[in-house]
Amino acid sequence: MNSDPIIIEVVPGPTIEVTSTDQSICEGGTATISATVTGGAGITSYQWQQYNGSTWDDIPGETSASYTTPVLTIGTYQYRLAITQDDGCDQFSTTITINV
């Protein structure tokens, strides 16, 4: 019995480029962070996260390629994007810091 060979293609993992409309804003303002994902394999799922001082917390409902912060008070805020793709192609973006 002959069978055709199975070809498995291994591709580089995904990369994420994140940009922000502003990294310094006035109190009461918002910032929009956007991401572009290249590489990897399959459908990309997004989850924005905020650093709470010791761990990264998922921001509920923020599952698209861009995120607009709520109105911010004086402080420093750190955000990143976690992506998941098919077959283990997962990645975190670099951190974006917003200063108010």
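**Strands, rings and buried residues**

Strand 3 (residues 45–51) and strand 4 (residues 56–58) are paired in the antiparallel sense over three bridges, where strands are DSSP runs of E of at least two residues, helices are runs of H or I of at least four residues, both being numbered from the N terminus, and two strands pair if DSSP finds at least two bridges between them. This is a predicted model, in which local features need pLDDT of at least 70 and side-chain atom pairs count only at pLDDT 80 or more, whereas totals for chains, interfaces and linings use all residues. Residues are numbered from 1 along each chain as its sequence is written, and side-chain values use heavy atoms, with hydrogens and water left out.

Three strands form an open sheet in the order 1-2-5, with antiparallel pairing. Its edge strands are strand 1 (15–20) and strand 5, each of which pairs on one side only. On average, neighbouring strands of this sheet are turned by 15° against each other, direction ignored; the axes are lines fitted to C-alpha atoms, for helices over the stretch in contact, and angles run from 0 to 180 degrees between N-to-C directions. Strand 2 (residues 32–38) pairs with strand 5 in the antiparallel sense over three bridges, and the bridge partner of serine 34 is serine 66 in strand 5.

For the chain as a whole, there are zero helices and eight strands. The radius of gyration, taken over C-alpha atoms, is 18 Å, whereas a compact globule of 100 residues would have a value near 13 Å, the globule rule being 2.2 Å times the number of residues to the power 0.38. Along the principal axes, the C-alpha atoms fill a box of roughly 70 × 25 × 20 Å. Buried residues make up 27% of the 100 residues, where buried means under 20% relative accessible area, exposed means over 50% and partly exposed lies in between (1.4 Å probe, protein chains only). Among contacts between residues at least 6 apart in sequence, 56% join residues at least 24 apart, a contact being heavy atoms within 4.5 Å.

The aromatic side chains come next. A pair of aromatic rings is described by the distance of the centres and the angle of the planes. A search of the whole structure finds three aromatic pairs, for which rings of Phe, Tyr and Trp (its six-membered ring) must have their centres within 6.5 Å, with planes under 30 degrees apart counted as stacked, over 60 as edge-to-face and the rest as tilted. Tyrosine 51 and tryptophan 56 form a tilted pair, 5.1 Å centre to centre and with 50° between the planes. Tyrosine 51 counts as partly exposed because its relative accessibility is 30%, and tryptophan 56, at 23% relative accessibility, likewise counts as partly exposed.

The rings of tyrosine 67 and tyrosine 79 have their centres 5.5 Å apart and their planes at 55°, so this pair is tilted. Tyrosine 67 lies in strand 5 (residues 66–68) and tyrosine 79 in strand 6 (residues 76–84), so that the pair links distant parts of the chain, twelve residues apart. Both tyrosine 67 and tyrosine 79 are buried, and ring pairs link Trp48, Tyr67 and Tyr79 into a cluster.The loop between strand 5 and strand 6 contains threonine 69 and leucine 72. Threonine 69 is buried, with a relative accessible area of 4%, and, leaving aside its neighbours within four places in sequence, threonine 69 is in contact with Thr30, Ala31 and Tyr79. Leucine 72 counts as buried because its relative accessibility is 4%. Not counting residues up to four places away in sequence, leucine 72 touches several residues, including Ile25, Glu27, Gly29, Tyr79 and Val100. The C-alpha atoms of leucine 72 and glycine 29 are separated by 5.9 Å, although the two residues are 43 residues apart along the chain.
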